[in-house]
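User: I would like to learn how to read chain contacts and aromatic pairs in a model. Please take me through them step by step.

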Amino acid sequence: MTQEESIERFNQRAELEHNLTEAKYTLSSTDYKILKIYEARIMEKADPYNAEEIIALREQARADVNKYEQLIAEFNNGTEESE
Amino acid sequence: MNIIDIAIAKQLAGGGGGSGTDNYNDLSNLPKINDTTLSGNKSSSALGLQSEINSESKLASDLVDDTNQDNKFVTSAEKTTWNAKQNAIDADHKLSSSLVSFSEAEAAAIASGIDSSKVGQISTNQTNILLVKDATEELVDKGAKNIIDIQTPEESLLTSYTSTANGGVALTIKNAAWTSYRVRFSTIINTAYVCKILVDSAPTTNVNVFIQNSSGENYTGGDINSNTTEFIREFTATETALGRLSINLNNEGTPLTNAITVRVMICTKAEYDISPAYEPYALPNYDLTYREQQDRNALVEVVDKGAKNILPPTDLIPEGDGLSNNPNLTCTNNGDGTYTLNGSTVENGTIIIHYSMTSDLYGGYMLSGCPNINADSEKCRLSIYTYAAASGVCQDSGQGKEIPTSFDPSFLAIYVFAGNTFNNVKFYPMICTKEEFKISPSYQPYTLPNTDLTRMMTPFFTVPINHNMIYRGQNLGDTLTADQDTALSSGNFTDLYLGDYWTKQITIPAFYEVTAAEPADWSTNYTSYYTKSGDTYTPVTGDTAPTWAANTYYERLVPSQTVTLKAVIADFDTFYAGYASDYAVINTHHAAVIVTGFNNVVWNKTNSTAGGYVASLIHKWLVGSALPQIETWFGSAKVLSHQKLLTNAITGDAASGWAWSSQKIALLSENQMYGSKVWGGSKATNGGYEPGEAFKHLNVFNHIDANLLFGNKNIWLRDIASAVWAAFLDNRGNAGYSDASNAWIAPAALILLS
């Protein structure tokens with residue numbers, strides 16, 4: 001593998017890892033919103049956030065986490081897979 | 001009346017009682033000479049008398065006896081010679097210059113015949129006077145006869161001067177205005193002097209010469225013209241002060257057009273009368289003595305500051321029968337090469353203080369250090385003993401002792417004599433060369449010789465990577481010299497050290513960026529935007545804002561700056577691996593150089609670190625505006641590219657993405673500055689990529705505080721502290737972070753020079 005190929009490979013994996021980080025961040029940064037919706041419903045108050053939107057966002061984020069973890073694993077094993 | 005007449009008179013007077021007679025021949029008992037009776041007409045030879053003296057010369061020649069030193073008579077020839085010399089003495093009792101000097105034989109004869117009781121008296125022998133005359137002339141000419149140093153002027157008004165051979169000076173006029181060449185000389189009141197100027201190269205026009213007192217009033221003076229070869233004036237000093245010789249090359253408005261070359265002598269008239277010959281200026285003996293003493297003082301300092309004492313200290317605890325036989329005596333090793341005795345002795349004995357004697361003491365060394373207390377009685381010695389007892393011992397009793405030529409030293413010891421009391425008696429053992437001891441016998445502690453120091457220090461300078469341990473901070477100039485170029489490219493780094501720097505004033509052009517969308521203030525502020533033609537940016541003009549179009553209008557994000565940049569060597573071979581490799585390591589020797597001195601530039605146009613460092617305005621400005629000027633400064637080929645791992649994305653408040661790219665320039669990182677992360681950092685699982693290739697602490701910061709290197713300025717770093725903050729070094733040397741759009745922080749870039 002030439003230096004250029006090695007660098008390109010690294011950059012590709014770094015991008016996958018960044019996307020994985022973003023997906024995990026989406027989950028971690030919206031955890032408090034789910035908690036607040038849950039508290040509001042316990043207290044029979046209105047949802048402070050749009051629950052459907054939050055949940056849909058988080059479901060997508062989880063799917064992204066799974067996807068990118070898989071991609072990274074395959075990348076590390078030298079298997080290429082298109083998104 | 002002679003004897004014979006007296007005798008005849010007595011006889012005629014009837015002395016003796018008989019009748020008188022007037023006939024001498026009738027007398028009885030006639031007188032005799034040499035038993036010959038005086039009668040008749042006898043010759044002198046008949047009477048046994050010497051031949052008569054020749055009336056033409058005082059003595060007959062056969063009376064001369066030159067071999068008999070008691071003989072006071074002289075020959076005619078000697079009389080003639082003497083008279084001739086006598087006639088040469090004039091009324092002033094001075095000898096004519098035509099007189100002949102003593103021959104060696106004459107001088108030897110005179111010397112052997114000198115009557116000590118007459119020493120000091122003026123000899124009437126003319127040849128003695130000649131000897132004294134020659135000696136006096138020589139004494140005068142070899143002394144400090146000439147008291148004026150014509151080559152050292154007090155002032156040279158509009159005159160150029162050049163020293164010439166034998167104490168002379170060549171003078172030329174600088175312009176046609178009033179000129180003078182003035183030299184001071186010392187005078188003693190009421191002393192007569194002679195000023196003699198020898199003109200070696202005559203002037204084309206008249207030159208004034210004035211001999212003046214300290215106030216500039218003339219003692220005497222005159223002109224030197226084109227025919228003058230010798231200028232002589234006498235004067236008597238009216239003060240004890242500095243007189244002045246003034247040579248004016250612009251006599252009455254007629255400037256000299258050529259060079260006049262002169263030799264000048266001022267001496268006392270008494271010296272001049274003994275010897276009028278020119279002698280160049282010479283320092284008087286008291287000045288020479290003073291200078292010699294200064295030189296000697298300097299020599300003593302050089303010797304004492306050098307590696308004089310070759311006896312290294314030891315931690316050996318003193319031992320020997322000098323202590324065991326004298327229980328009341330202690331000898332303390334003071335740890336600095338000196339020893340102290342306290343107590344009393346009842347027996348003689350040896351106290352060994354040093355075993356590690358060098359064997360290189362064959363000839364030319366001195367042992368010293370015994371206290372000088374042995375004048376009245378034997379108390380102690382400082383001694384070197386040899387392996388072979390037959391070779392003896394070298395002992396110092398307080399005055400120093402020369403170590404014998406063939407001497408194989410074994411140990412150094414203090415020898416004590418019985419019956420003595422020692423009260424804090426200190427020994428200062430020193431071994432030095434005889435010559436050093438002669439110049440300065442004072443004790444100096446042991447110092448490594450220069451050869452050993454050089455041997456120890458050599459690896460620091462000759463092993464290239466050791467240059468990472470040496471800080472020098474020297475100004476290397478404003479360009480890369482050929483030697484510096486070779487030192488970098490070869491990897492020897494000869495005469496390059498940490499902190500060394502190049503410095504140059506450089507203009508960094510403004511940085512523009514094309515507007516990607518119509519700016520919000522376009523309609524009102526369009527004149528602050530630019531169009532581009534080639535490399536030229538022109539402000540938008542017109543009474544109203546033109547219609548915005550993509551790829552047409554530019555925003556000036558960083559103004560131009562003319563600054564004095566400093567390129568400081570921060571590290572050597574930071575990324576050198578010795579082989580072609582991946583990523584950051586390279587196979588080219590280099591110095592990591594910090595370029596500082598820029599004006600303030602924002603880290604980003606807006607208060608955001610989105611897109612990471614690689615998307616920042618400051619990095620784009622470094623690459624687009626600063627780097628081309630730095631490449632012009634050092635040469636494009638000298639500024640190396642290598643792979644840098646730069647942040648290109650953030651998630652939340654931290655960097656989350658990186659990519660390798662080939663770069664020639666970038667901001668420093670916290671790791672490079674501080675040696676560790678402080679405010680930057682990633683929360684990602686792969687956050688270890690954060691410092692990128694810039695994870696190593698630069699060696700220059702092991703020697704100098706970062707704040708000092710940057711001159712107490714705020715300096716941006718490339719680390720991301722949050723979504724809106726970037727890391728920086730504040731002007732008090734603290735590790736900080738700031739809004740990315742702050743305009744009071746400056747960049748400092750890292751480049752690699754090969």
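Analyst: This is a predicted model. Start with the area the chains hide from each other: chain B and chain A bury about 1300 Å² between them, and 54% of that lies on carbon and sulfur atoms.

User: How many residues does each chain bring to the contact?

Analyst: Chain B gives 18 residues and chain A gives 13 residues.

User: How many salt bridges and how many polar contacts does the rule find across the interface?

Analyst: For salt bridges the rule finds 0 across the interface of chain B and chain A. For polar contacts it finds 3 residue pairs, both residues being at pLDDT 80 or more.

User: Now the aromatic rings. How many aromatic pairs are there over all chains?

Analyst: The count comes to 26 aromatic pairs over all chains. A single pair is read from the distance between ring centres and the angle between ring planes, with planes under 30 degrees apart counting as stacked and over 60 as edge-to-face. In the pair B:Tyr385 and B:Phe411 the centres are 5.0 Å apart and the planes at 20°, so this pair is stacked.

User: Where do B:Tyr385 and B:Phe411 lie in chain B?

Analyst: B:Tyr385 is in strand 19 (residues 380-386) and B:Phe411 in strand 22 (residues 409-416), so the pair ties together parts that are 26 residues apart in sequence.

User: Are B:Tyr385 and B:Phe411 buried or exposed?

Analyst: Buried means under 20% relative accessible area. B:Tyr385 counts as buried because its relative accessibility is 17%, and B:Phe411 is buried at 18%.

User: What does an edge-to-face pair look like here?

Analyst: Take B:Tyr512 and B:Tyr530, with 5.0 Å centre to centre and 75° between the planes. B:Tyr512 sits in strand 26 (residues 511-514) of chain B and B:Tyr530 in strand 27 (residues 529-533) of chain B; the pair links distant parts of the chain, 18 residues apart. B:Tyr512 counts as buried at 17% relative accessibility, and B:Tyr530 is buried with a relative accessible area of 11%.

User: Which residues form one aromatic cluster?

Analyst: One aromatic cluster is formed by B:Phe185, B:Tyr193, B:Tyr219 and B:Phe235.

Note on methods: Residues are numbered from 1 along each chain as its sequence is written. Chains are lettered from A and ligands numbered from 1 in the order in which they are written. This is a predicted model: local features need pLDDT of at least 70, side-chain atom pairs count only at pLDDT 80 or more; totals for chains, interfaces and linings use all residues. Side-chain values use heavy atoms; hydrogens and water are left out. Contact means heavy atoms within 4.5 Å. Buried area is the accessible area (1.4 Å probe) that two parts lose on being put together, summed over both. A salt bridge is a side-chain nitrogen of Lys or Arg within 4 Å of a carboxyl oxygen of Asp or Glu. A polar contact is a pair of N or O atoms within 3.5 Å; within protein, one must be able to donate a hydrogen and the other to accept it, and residues adjacent in sequence count only if both atoms are side-chain atoms. Rings of Phe, Tyr and Trp (its six-membered ring) pair if their centres lie within 6.5 Å; planes under 30 degrees apart count as stacked, over 60 as edge-to-face and the rest as tilted. Helices (H or I, at least four residues) and strands (E, at least two) are DSSP runs, numbered from the N terminus. Buried means under 20% relative accessible area, exposed over 50%, partly exposed in between (1.4 Å probe, protein chains only).
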